[in-house]
Amino acid sequence: TTVTFTLSEAASDFVEDDISVSGGSLSSFASSSSTVYTATFTPTSDSTTDGVISVASSKFSDSAGNENADGSEDNNSLTLSVDTVRPTIAITSSASSLKAGETTTVTFTLSEAASDFIENDISVSGGALSNFAASSSTVYTATFTPTADSTTDGVISVASSKFSDSAGNENADGSEDNNSLT
């Protein structure tokens with residue numbers, strides 16, 4: 001996000017190093033006038049730690065040499081809520097092998113609630129899923145039935161970017177071991 005720093009009067013010595021940042025980093029620091037500066041805040045990856053951007057007292061001065069006195073004021077600090085943690089999924093089964101006429105319950109456990117995880121997010125080969133249902137906001141189940149007269153392994157997986165958490169972070173399971181069941 002773009003963060004704007006508006007000084008009460010012109011300063012020639014306000015620089016990026018005057019700014020304290022936690023929970024992320026600033027880039028593209030620039031002035032658009034002698035009193036307005038902007039920078040881009042990028043939150044830390046895989047974090048839910050708030051981003052805090054502030055300017056302490058005595059960091060810059062006006063043309064008369066008076067130092068800023070914003071260290072304890074509410075307007076010298078900005079707190080941004082951050083959630084950059086991408087949800088994951090673990091897929092488990094009640095059986096490790098199936099024979100003719102058998103089925104198994106497959107459980108999909110999401111690391112955080114998602115309102116957009118649907119059966120079409122799941123890739124299946126060697127059989128078919130039925131009875132897909134949510135048991136909670138993070139646990140879903142389905143019945144896997146293997147293809148008749150086949151020795152082909154059943155493979156059930158969920159690729160990355162198929163569902164998202166409440167912050168809009170898409171899942172990151174495309175190449176992880178826990179997003180696939182064979």
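The exercises below work through a predicted model of one protein chain.

Residues are numbered from 1 along each chain as its sequence is written, and side-chain values use heavy atoms, with hydrogens and water left out. Because the model is predicted, local features need pLDDT of at least 70 and side-chain atom pairs count only at pLDDT 80 or more, while totals for chains, interfaces and linings use all residues.

**Exercise 1. State how many helices and strands the chain has, and describe its overall extent.**

Step 1. Helices (H or I, at least four residues) and strands (E, at least two) are DSSP runs, numbered from the N terminus. The chain has 0 helices and 13 strands.

Step 2. The radius of gyration is taken over C-alpha atoms, and the globule rule is 2.2 Å times the number of residues to the power 0.38. For 182 residues the rule gives 16 Å, but the chain has 26 Å, well over that value, so it is more spread out than a compact globule.

Step 3. Along the principal axes, the C-alpha atoms fill a box of roughly 90 × 25 × 20 Å.

**Exercise 2. Sort the residues of strand 1 by face, and identify what stands opposite F5.**

Step 1. In a regular strand the side chains alternate between the two faces of the sheet. In strand 1 (residues 2-6), V3 and F5 make up the covered face, whereas T2, T4 and T6 are on the uncovered one.

Step 2. Strand 1 pairs with strand 4 (residues 36-43) over 5 bridges in the antiparallel sense. Opposite F5 stands Y37 of strand 4.

Step 3. Rings of Phe, Tyr and Trp (its six-membered ring) pair if their centres lie within 6.5 Å; planes under 30 degrees apart count as stacked, over 60 as edge-to-face and the rest as tilted. Ring pairs link F5 and Y37 into a cluster with F14, F29 and F60.

**Exercise 3. Classify the ring pair F132 and Y140, and the accessibility of each residue.**

Step 1. The centres lie 5.7 Å apart with 10° between the planes, and the pair is stacked.

Step 2. Buried means under 20% relative accessible area, exposed over 50%, and partly exposed in between (1.4 Å probe, protein chains only). At 22%, F132 is partly exposed; Y140, at 7%, is buried.

**Exercise 4. Locate the residues with the most contacts inside the largest nonpolar core.**

Step 1. A nonpolar core is a set of buried Ala, Val, Leu, Ile, Met, Phe, Trp, Tyr and Cys residues joined through side-chain atoms within 4.5 Å. The largest has 15 residues, and I89, F108 and F117 have the most contacts inside it.

Step 2. Strand 7, strand 8, strand 11 and strand 12 (155-158) each supply at least two residues of this core.

Step 3. Another core, of 14 residues, lies apart from it and includes I19, L26, Y37 and F60.

Conventions. Two strands pair if DSSP finds at least two bridges between them.
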